[in-house]
Amino acid sequence: MNTLDKTSRLKVALQKSGRLTDNSLDLLVRCGLKYSRGKDQLMCFGENMPLDVLFVRDDDIPDLVQEDVCDLGILGLNVIEEKRLAFQAQGVAPLFDQLMVLDYGKCRLSIAVPDGTEYKDARSLHGKRIATTYPYILGRYLRDNDVAAEVVTLSGSIEIAPRLGRADFICDLVSTGSTLIANHLWEAETILESQAAIITTPVAVSAFKQEWIHRLSMRIDGVQQVKESKYIMLHAPRAKLADIKKLLPGSESPTIVPLDGVSDKVAVHAVCRENVFWETLESLKSAGASSILVLPVEKMLA
Ligand code: ATP
Ligand code: ZN
């Protein structure tokens, strides 16, 4: 493995400081990355993988991948989609592919309306001014629904636009909805569901880099799968095996092991890909299982 040659190192763009930063760096660490941080805090250098991290604003990530400065980038689907539409509007083909979606950064782009204002469906937007930082996604939604409305593009603090008289409605990211409530708005319609995702340059990269992109995506799959996974071991009467197997949450085919000197019972070992609750254990016990053990799964490679 050549980890020193700069040209053969993967460059990954992450959000410098924001909602995606900690989860994204943590994901790479769970994939085995050990790193040292550059003095200026703008880069991390992988010590045991040929991978360096560049910290930037999330909005700059599509351009960095587009211009082949970075091979990979982690950012929200909301920004990916907005950039894709923006590039298309400029007649530029988006040069990035979506490699995989990740299990964090979940939020939605929604239309929100001031308390006391009525909203039935997209037609309620007709002739209104809508403030957003996502003019392309909103524009597509309005076109798809045949609605003529004015899109007011702002760069931040969207939620105060109605109070300032700059817009009638807003179109902004929501996760818990508490910001909307604090600003006397209610969520009327979701126009895009979002979560973090990885984009990659479709520009031909070296076989060595390609191999590392593949390894990284396999490891990410593994990391995402083990988060909820548990390894269950129990003893089951042979006669109750079918019932007990049905109760194991999210497991495929469990391993059945004979017990030394006991003919009417077997040991059952299974990886459960869903959370195992106390209620599940109680049902297993009622079905005849005994000696039930639930262990965390640290790593998994399909
Ligand atoms: P930057 O300085 O990098 O431009 P930002 O202000 O655009 O930061 P954040 O607010 O940190 O970005 O959000 C980054 C991403 O996190 C969003 O683009 C979105 O994909 C995701 N996200 C998850 N939940 C929320 C939420 N409630 N509000 C905004 N973004 C959210
Ligand atoms: Zn941003």
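This is a predicted model: local features need pLDDT of at least 70, side-chain atom pairs count only at pLDDT 80 or more; totals for chains, interfaces and linings use all residues.

Student: Okay. In which strand is Ala-112 found?

Tutor: Look along the numbered strands for the one that holds this residue. Ala-112 is found in strand E7.

Student: And is Ala-112 buried or exposed?

Tutor: The cut-off for buried is under 20% relative accessible area. Ala-112 has 1% relative accessibility, so Ala-112 counts as buried.

Student: What does Ala-112 touch, leaving out residues up to four places away in sequence?

Tutor: The C-alpha atoms of Ala-112 and Ile-181 are 10 Å apart, although 69 residues separate the two along the chain. As for contacts, Ala-112 touches Leu-180, Leu-185, Trp-186, Glu-187, Ala-188, Phe-169 and Ile-170.

Student: How is the protein divided into domains, and how far apart are the C-alpha centres of domain 1 and domain 2?

Tutor: The domain assignment gives domain 1 (6-104 + 196-225), domain 2 (107-194) and domain 3 (230-296). Between domain 1 and domain 2, the C-alpha centres are separated by 30 Å.

Student: How much area is buried between domain 1 and domain 2?

Tutor: Nine residues of domain 1 are in contact with 10 residues of domain 2. Carbon and sulfur atoms give 59% of the area buried between the two, which is about 850 Å².

Student: Which residues of domain 1 lose the most area to domain 2?

Tutor: Three residues together make up 61% of what the domain 1 side buries. They are Asn-78, Glu-82 and Leu-85.

Student: Which members of the largest nonpolar core touch the most other members?

Tutor: That core has 33 residues. The ones touching the most other members are Ile-111, Tyr-119, Leu-125 and Ile-191.

Student: Which element gives this core its largest share?

Tutor: Several elements supply at least two residues each, including strand E7 (107-114) and helix H3 (77-89). The largest share is five residues, and it comes from H3.

Student: Is Asp-59 buried, partly exposed or exposed?

Tutor: Asp-58 has a relative accessible area of 17%, so Asp-58 is buried. Asp-59 has 31%, so Asp-59 is partly exposed.

Key
Residues are numbered from 1 along each chain as its sequence is written. Chains are lettered from A and ligands numbered from 1 in the order in which they are written. Side-chain values use heavy atoms; hydrogens and water are left out. A nonpolar core is a set of buried Ala, Val, Leu, Ile, Met, Phe, Trp, Tyr and Cys residues joined through side-chain atoms within 4.5 Å. Buried means under 20% relative accessible area, exposed over 50%, partly exposed in between (1.4 Å probe, protein chains only). Helices (H or I, at least four residues) and strands (E, at least two) are DSSP runs, numbered from the N terminus. Contact means heavy atoms within 4.5 Å. Domain bounds come from an automatic or database domain assignment. Buried area is the accessible area (1.4 Å probe) that two parts lose on being put together, summed over both.
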